[in-house]
Amino acid sequence: PGGWFYEHGHRVCVSGLGAGVPKTALQSAFGDYGHIIKIETPMAAKGVAYVSFKDRRDAQDAVSCMDGKSVHGNVIKVSLAGDRPAPIPKTKLPKEPDIGGPAAV
């Protein structure tokens, strides 16, 4: 689930990004290494992005060449990303008690 580009080795984790780094800056910085499928900037992980490549070798090249480089004025750390975490299951809220309904006998 989630697509073939989440296979191990196709995604790189980019950390050390400053606030407000646009995806276009990441596209420009990483696009030279191969065909990018998706760029993710999770809201819960400030300063982190995930770049998914079509080819595993392109992801490896991006790690080798971009680790320690500057993107949008920030020195970044680039590594192969682990497997995508499983989605958090939605929990069902308990039913509200029926107020004003018939009383149980």
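Trainee: Which pattern does the protein follow, read along the sequence?

Mentor: The order is β-α-β-β-α-β-β-β, with 2 helices and 6 strands in total. Before we go on: this is a predicted model, in which local features need pLDDT of at least 70 and side-chain atom pairs count only at pLDDT 80 or more, while totals for chains, interfaces and linings use all residues. Residues are numbered from 1 along each chain as its sequence is written, and side-chain values use heavy atoms, with hydrogens and water left out.

Trainee: What makes a run of residues a helix or a strand here?

Mentor: Both are DSSP runs numbered from the N terminus: a helix is H or I over at least four residues, and a strand is E over at least two. Helix α1 covers residues 23-30, so it meets the helix requirement.

Trainee: Ala29 is in that helix. Why is Ala29 called buried?

Mentor: The relative accessible area of Ala29 is 17%. Buried means under 20%, exposed over 50%, and partly exposed in between, using a 1.4 Å probe and protein chains only. The 17% of Ala29 falls under the 20% limit, so the residue is buried.

Trainee: Which residues does Ala29 touch, not counting residues up to four places away in sequence?

Mentor: Met66 and Val71; a contact means heavy atoms within 4.5 Å.

Trainee: How do you know that the buried residues of α1 are on the same side of the helix?

Mentor: Those residues are Ala25, Leu26, Ala29 and Phe30. They cover an arc of only 115 degrees around the axis, and therefore they lie on the same side of α1. The arc is that of the directions from the helix axis to the C-beta atoms. Thr24 and Ser28 are exposed on the face turned away from that buried side. The cover over the buried residues includes β1 (11-15), β2 (36-40), β3 (48-53), α2 (56-66), β4 (70-71) and β6 (77-80).

Trainee: Which residues are buried in α2, and what puts them on the same side?

Mentor: Asp58, Ala59, Ala62, Val63 and Met66 are the buried ones. Their arc around the axis is only 140 degrees, which puts them on the same side of α2. Among the elements covering them are β1, α1, β3, β4 and β6. Ala59 itself has a relative accessible area of 0%, so it counts as buried.

Trainee: Let's turn to the loops. Is Gly16 buried, partly exposed or exposed?

Mentor: Gly16, in the loop between β1 and α1, has 42% relative accessibility, so it counts as partly exposed. Leaving out residues up to four places away in sequence, Gly16 touches Gly47, Asn74, Val75 and Ile76.

Trainee: How many residues line the second largest pocket, and which are the closest to its centre?

Mentor: The pocket has a volume of about 240 Å³. It has 14 lining residues, and Gly18, Gly20, Thr41, Lys46 and Gly47 are the closest to the centre. A pocket is an open set of points on a 1 Å grid over the protein atoms alone, where a 1.4 Å probe fits, with protein on both sides within 12 Å along at least five of seven lines; lining residues have an atom within 4 Å of a point. Its volume is the space filled by probe spheres set on the points, which are joined across faces, edges and corners.

Trainee: And what fraction of the 105 residues is buried in the protein?

Mentor: Buried residues make up 30%. Of the contacts between residues at least 6 apart in sequence, 63% join residues at least 24 apart.
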